[in-house]
Amino acid sequence: MEELNALFHGFSIALTPFNLGLMFVGIILGVIIGVLPGLGGANGVAILLPLTFTMPPTSAIIMLSCIYWGALFGGAITSILFNIPGEPWSVATTFDGYPMAQQGRAGEALTGAFTSSFVGALVAVLIFTFLAPLIANFALQFGPPEFFSVYLLTFCSFVGTGKGNPFKIIASMMLGFAMAAVGIDIVTGQLRLTFGFTELLSGFNFLVAVIGLFGIGEILLSMEEGLSFSGHGAKINPRIVLETWARLPRYWATSIRSCIIGCWMGIIPGGATPASFMSYGVARQMSREGNKFGTGQLEGVVAPETAAHAAGTSALLPMITLGIPGSPTAAVLLGGLMIWGLQPGPLLFVEQKDFVWGLIASMYLGNIAGLIVVLTMVPFFAAILRVPFSIIAPVIVVICAIGAYTVKNNMLDVWMIVVFGIVGYAFKKLDYPLAPMVLALVLGDAAESSFRQAMLISQGNLTVFWSNWLVGSLTTLALALLFWPLVTALRDRLRAPAPAAR
Amino acid sequence: MENNDESAHRAVRMVTMDVIVAALIFALGALVVYESNRLGSGWDENGPQAGYFPFYISLLICISGAVVFVQGLLKLKSDMKVFVTLGQFRQVLVILLPSAAYVLGVQLVGIYVPSAVFIGLFMKIVGKYSGLRSAAVGLSVSVIAFLLFEVWFKIPLPKGPFEKLIGY
């Protein structure tokens, strides 16, 4: 059990008072980020990234990943108490969570949500612990064609699992790739797509894009809706917690199904949001009380929360082992790793053992810390949401501006967040997904260089992506996912005339 | 929008915006196609040229932009979903314009003074808070940011004449 030894070594790294303190700070900041409109996991971590540059990398990643867990927990609070999903992955939690709050069962709903989040995360971390070294080991043998086919799979699965117009998904993704190409070409040293502007020499920074697209964009959207929060009070006391815990084991089957959906959707970059919807839908179909879903069923809170948290956690698996993030927040964490000089990917497990196992150990500890923090501090977090939007909005704009400036000490980046904010607002309203764009912006250079290297090996022959069984099956799977919307559209079209003919 | 014509007139329809944005995306893609071609989108003795990858990327941008554009045109008459109403757009401008002015302020005199002014004025004018409260929140955010970044974490933010006065 080499993994267990490594894990205990990791615990010894993560369990220093300094790191434990950072864990709690991270969780609290994360929940606040998750609760506030306009600050989410991705841009929250992006803004706080510069603050961690002075820390050792292991402590920094512990704090940042705890911010991420906190944000995952925080989304549930706003969904249940205010019927406003703080994060997209908690939309499905509102379906049964808010009715429960209306019936005065907010404490029960919150306890159920937090506990099942915790269970989802724990299962995902367990899988992570044992699967990650295997995948990393396997990936050590990858060459450029294999890496490109994994990138291809990542991006095609956005098209395959996305709900919206596939052409909008592709457009958004390719715009991300085009932005990634701006600046100096690493292979030839030529300037690309700068059009004579020296400011564009170093290209677009994805942290700035994330802060603008998600932060400013979200503020514009919230402003348009003229948000006025009216929420339900939350009383959580040990009695409610214990009573709910006694009821939760009844939903073990839902829990297991949701964990599986969550882990699967997290590892392939479907992400937490579709995982939570899918899990809710499956639970409704499978449950004996399925027809009562939407009226305040605890099971309807358990299902999406478990899946969202499992997906959010397992999204870090491909990020650490392959250098391919499964979600925008994981992408931001990946950006952090690169800034600290750590190259994510299979070699990380060989060269940076302390870092990797410290991080994995902190996933266990961080989620325990998270559960304690959210269960004890719910009233405080709910009070933050009652701060009127006319105070929150300008403060968040200021925070975003500071965050954008600290990325590279560049004033142009502060202007860019305004531009990205407008783009984010328009794209969100027109149903262009933002996650593929951010991921393409992050992975663009790596995907391009693996493609070019693969092409060099084969002298421009595309069959290199089918040159052995591994790369061949990855590529084929990717293409199958890419054309999946076409298949379902055809099937629907074939099926549609049938009832009309009757 | 079945209820009245008036609100439909005063709103931008989703499909209109869709067509405009798709056209912009297509134009952007075309620009990248042009630039990649200029850089060389083929092979030379060292392998793929600098424009090789962006060329195919931009082709896909053009194709998807064109498809969304045509899809929009086909629905142009029938689809009445609203992108934004005049009232909503005003609300968006209420935060967007001051934010842009704020960024200009940061460019001119550093970040701390404009932050306090921006938050204070926004609270006073949009939130209708008392002058005292607005000033208190604005100032405290700036002071906290100053302590956090300049004093504790030693991360320099843009500064201007005022910060020089107090020795930073």
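Colleague: How many residues does α18(A) have, and how does its reach compare with the span expected at 1.5 Å a residue?

Modeller: Helices (H or I, at least four residues) and strands (E, at least two) are DSSP runs, numbered from the N terminus. The expected span of a helix is 1.5 Å times one less than its number of residues. In this predicted model, α18(A) has 20 residues and reaches 30 Å from its first C-alpha to its last, close to the expected 28 Å. Just after α18(A), N409(A) takes a positive phi of about 50 degrees.

Colleague: Which conventions of numbering and confidence apply?

Modeller: Residues are numbered from 1 along each chain as its sequence is written, while chains are lettered from A and ligands numbered from 1 in the order in which they are written. In this predicted model, local features need pLDDT of at least 70 and side-chain atom pairs count only at pLDDT 80 or more, whereas totals for chains, interfaces and linings use all residues.

Colleague: How many of the residues of α18(A) are buried?

Modeller: A residue is buried if 20 or more other C-beta atoms, placed from the backbone, lie within 10 Å of its own; it is exposed if 12 or fewer do, and partly exposed in between. For α18(A), 19 of the 20 residues are buried, so this helix is largely enclosed by the rest of the structure.

Colleague: What does α5(A) look like by the criteria of length and burial?

Modeller: Helix α5(A), residues 91-102, has 12 residues and reaches 17 Å from its first C-alpha to its last, close to the 16 Å expected. It is mostly covered, with 10 of its 12 residues buried; among them are F95(A), Y98(A) and M100(A). Those buried residues pack against α4 (57-82), α6 (106-139), α12 (272-286) and α13 (298-314) of chain A. Just after α5(A), G104(A) takes a positive phi of about 80 degrees.

Colleague: How is the contact between chain A and chain B to be read?

Modeller: Two residues are in contact if their C-beta atoms, placed from the backbone, lie within 7 Å. By that criterion, 49 residues of chain A are in contact with 53 residues of chain B. On the chain A side, the elements that give two or more residues are α8 (166-181), α9 (206-224), α18 (389-408), α19 (411-429) and α20 (435-458). The largest share, 11 residues, comes from α18(A).

Colleague: What classes of residue make up that side of chain A?

Modeller: Ala, Val, Leu, Ile, Met, Phe, Trp, Tyr, Cys and Pro count as nonpolar, Asp, Glu, Lys and Arg as charged, and the others, Gly among them, as polar. The side of chain A that touches chain B has 33 nonpolar, 9 polar and 7 charged residues.

Colleague: Where is I155(B) found, and which residues does it touch?

Modeller: I155(B) is found in the loop between α6 (131-152) and α7 (161-165) of chain B. With 16 C-beta neighbours inside 10 Å, I155(B) counts as partly exposed. Leaving aside residues up to four places away in sequence, I155(B) touches P50(A), T406(A) and F149(B).

Colleague: What does the radius of gyration tell us about each chain?

Modeller: The radius is taken over C-alpha atoms, and the globule rule is 2.2 Å times the number of residues to the power 0.38. For chain A, with 502 residues, a compact globule would have a radius near 23 Å, and the value of 22 Å agrees. The secondary structure of chain A comes to 23 helices and 2 strands, and 61% of its residues count as buried.

Chain B comes to 7 helices and 4 strands. Its radius of gyration is 25 Å, well over the 15 Å that the rule gives for 168 residues, so chain B is more spread out than a compact globule. Buried residues make up 33% of chain B.

Colleague: What domains are assigned to chain B?

Modeller: Domain bounds come from an automatic or database domain assignment. For chain B, that assignment gives domain 1 (5-80) and domain 2 (87-165), and 37 Å separate their centres, taken over C-alpha atoms.

Colleague: What confidence does the predictor assign to chain B?

Modeller: The predictor's confidence in each residue is pLDDT, from 0 to 100. Chain B averages a pLDDT of 87, and 95% of the residues score at least 70. Over residues 1-5 of chain B, pLDDT stays under 50. The model scores ipTM 0.90 and pTM 0.84.
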